[in-house]
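Here is a friendly note to read with the model open beside you. Take the points in order, and find each residue on screen as you go.

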Amino acid sequence: MGIIKKQTIKGTIYSYLGVLIGFLSTNYLMPHSLSPAEVDLIGILTSAPLVFAQFSILGFNGTARYFPYFRNDEKKHHGYLFLACMVSLVGTILFVTIAWLFKDQIVSHNTDGSSAKSSALFNVYYWYLVPLTVFTLFFNVFDLYARMLYNMTTGLILREFTKRVFILVPIILIYLGLITFESFMWLWLVANLIPTFFIITRIIRDGQFSLKPDMDFLTRDMVNKLIGICFFTILTGMAPVIIQNVDNYLIFKKLGLSATGIYILAFNFGLIISLPTRSLYSIAYTIVSESWKSNDLKNIRTVYEKSCVTQLIASLFLFILMWASIDNILGLTPPTYSTGKYAIFFVSLGFLIEASTGINGVIMATSKYFRYEALFNLLLVVLIIVANLLLIPRYGITGSAIASAITYFVFNLFRYMFIWIKFGMQPFTIQCVLALAAGILTYYLSVWILPHIGNYVVDTILRTSFITALYLPAVYFLKLSEDINSIIDGAVAKLKGR
């Protein structure tokens, strides 16, 4: 658990720094310097490559569960990186072909009025999808390879922090009126591509870059395993990405680009809640995979229980901080974005549900029952699409957010029940109940006791300070999380040492 705690802390710190930059750029500077349609163009060009890159890797990311058998420093891990790059190259060719053949279907949507301008804008920058997808694909390949070699934070820092720093530069330039939108888009594109070069450089510097194949290692049994898992992952691996991004596309189809821009702003707030979970998932995957190989169920159970209460505390803290000051936050954006208030609530609630169930997804994906995880994903794709189609016409972007929350609840309920039945692991303890009660009580005390101040910034600072001063001591003195207490004790010891 030590390596998980240390790298989770490091990854989470950089993720929060990235959140501050992202909040400044996406939630303040962009709404004041770009139109909602232009904001959504950025959103589409950010989310679509994630889906296309997942397709283009042709399921090879699923072979990570077999990497413990490839692991061999002297033999450069038996050419695993070579295999990943060759498969991805084939996937790139397929993607470019599909992007060319189906451009009209991808760009068009079924709304009227101003949406025609939105389609025209997307049409102009459509081919940005190719470099964005290809660089995202190979970033994912090298990040996966690095994580399998226990370098679990480089990719996360580049993705969550470094890239946002580079993206902030063109946003500031257009906010100050120093560049045109066309120049902004070129600079924004370059900023998104740079992290891929950085992660390749890091792997080379670590002496782990090798594109030499090891054909002798690829026995018939291993080849069959790799082909089988790739084929299976192709069928099911896109489901998580679709679940996270399909709402943007359905809103785009039903309501147009401007409405999607407002939803993306709401979704970005929800992503803040997910940051501790994203850091933990990225790091825990390798550790849990090795534990399954050695059949160390005790370690898996320990990580599962600790991850559950720690992620619940961290994500609930972020949730109540954000919702207590939501009117202040929206007051700093153009008025048109205020319609996304309850979309923010339900998107954030969905991510809170995801966080509060710990590493259940990692356990499922790395166990011998990984096919059930894939089946759950496929069923959830159907659920989220149907829910969006039913709720968007009635509630607009809030309906899509409700669909997202429902999906996360059902998904994690399936996972929770399956792991409990198959492995006898149940992560929830009395500490989880106390953490939830402390968070809810703290929120309502902040609402009942503190009067609203006219200044948005001052009111937010006061509410944040009040909630922090109540919630964190409650977590510490109730000893709800061993990891959180050890972090606080360590920080206090260092301060006293000075």
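1. **Ground rules.** Helices (H or I, at least four residues) and strands (E, at least two) are DSSP runs, numbered from the N terminus. This is a predicted model, in which local features need pLDDT of at least 70 and side-chain atom pairs count only at pLDDT 80 or more, while totals for chains, interfaces and linings use all residues. Residues are numbered from 1 along each chain as its sequence is written, and side-chain values use heavy atoms, with hydrogens and water left out.

2. Please find Thr136, which sits in helix α7 (residues 129-148). Is Thr136 buried or exposed? With a relative accessibility of 19%, Thr136 counts as buried, because buried means under 20% relative accessible area, with exposed over 50% and partly exposed in between (1.4 Å probe, protein chains only). The side chain of Thr136 also reaches the backbone oxygen of Leu132, at 2.6 Å. That is a polar contact: a pair of N or O atoms within 3.5 Å, where, within protein, one must be able to donate a hydrogen and the other to accept it, and residues adjacent in sequence count only if both atoms are side-chain atoms. Leaving aside residues up to four places away in sequence, Thr136 touches Pro49, Leu50 and Ala53; contact here means heavy atoms within 4.5 Å.

3. A salt bridge is a side-chain nitrogen of Lys or Arg within 4 Å of a carboxyl oxygen of Asp or Glu. By this rule the count comes to 10 salt bridges. One of them pairs Arg159 with Asp143, with the closest N and O atoms 3.2 Å apart. This pair links distant parts of the chain, since Arg159 belongs to helix α8 (residues 154-175) and Asp143 to helix α7, 16 residues apart. Asp143 is buried at 5% relative accessible area, whereas Arg159 is partly exposed at 27%.

4. Which residue forms a salt bridge with Glu160? The partner is Arg164, and the closest N and O atoms are 3.4 Å apart. Both residues lie in helix α8, four residues apart, which is about one turn of the helix. Glu160 is buried, with a relative accessible area of 2%, while Arg164 counts as partly exposed at 22%.

5. **From α14 to α15.** Lys341 and Asp327 form another salt bridge, their closest N and O atoms being 3.0 Å apart. Lys341 is in helix α15 and Asp327 in helix α14 (residues 326-331), so the pair ties together parts that are 14 residues apart in sequence. Lys341 is buried at 18% relative accessible area, and Asp327 is partly exposed at 44%.

6. **The length and setting of α15.** Among the buried ones are Ile344, Val347, Phe351 and Glu354. After the helix comes Gly358, whose phi is positive, near 65°.

7. **The neighbour α13.** How do α13 and α15 lie relative to each other? Helix α13 (residues 297-324) packs against α15 at an angle of about 170°, with their axes 8 Å apart. Axes are lines fitted to C-alpha atoms, for helices over the stretch in contact, and angles run from 0 to 180 degrees between N-to-C directions. The two helices are therefore roughly antiparallel, as angles over 145 degrees count as roughly antiparallel, under 35 as roughly parallel, 65 to 115 as roughly perpendicular and the rest as oblique. Residues that meet across this pairing include Leu312 and Phe319 in α13, and Phe345 and Leu352 in α15.

8. **Finally, α18.** Asn412 is in helix α18 and is buried, with a relative accessible area of 2%. The side chain of Asn412 makes a polar contact with the side chain of Glu354 at 2.8 Å, and also reaches the backbone oxygen of Tyr408 at 2.8 Å. Phe409, placed in α18 (residues 397-423), is partly exposed at 48%. The C-alpha atoms of Phe409 and Gly350 are separated by 6.9 Å, although the two are 59 residues apart along the chain.
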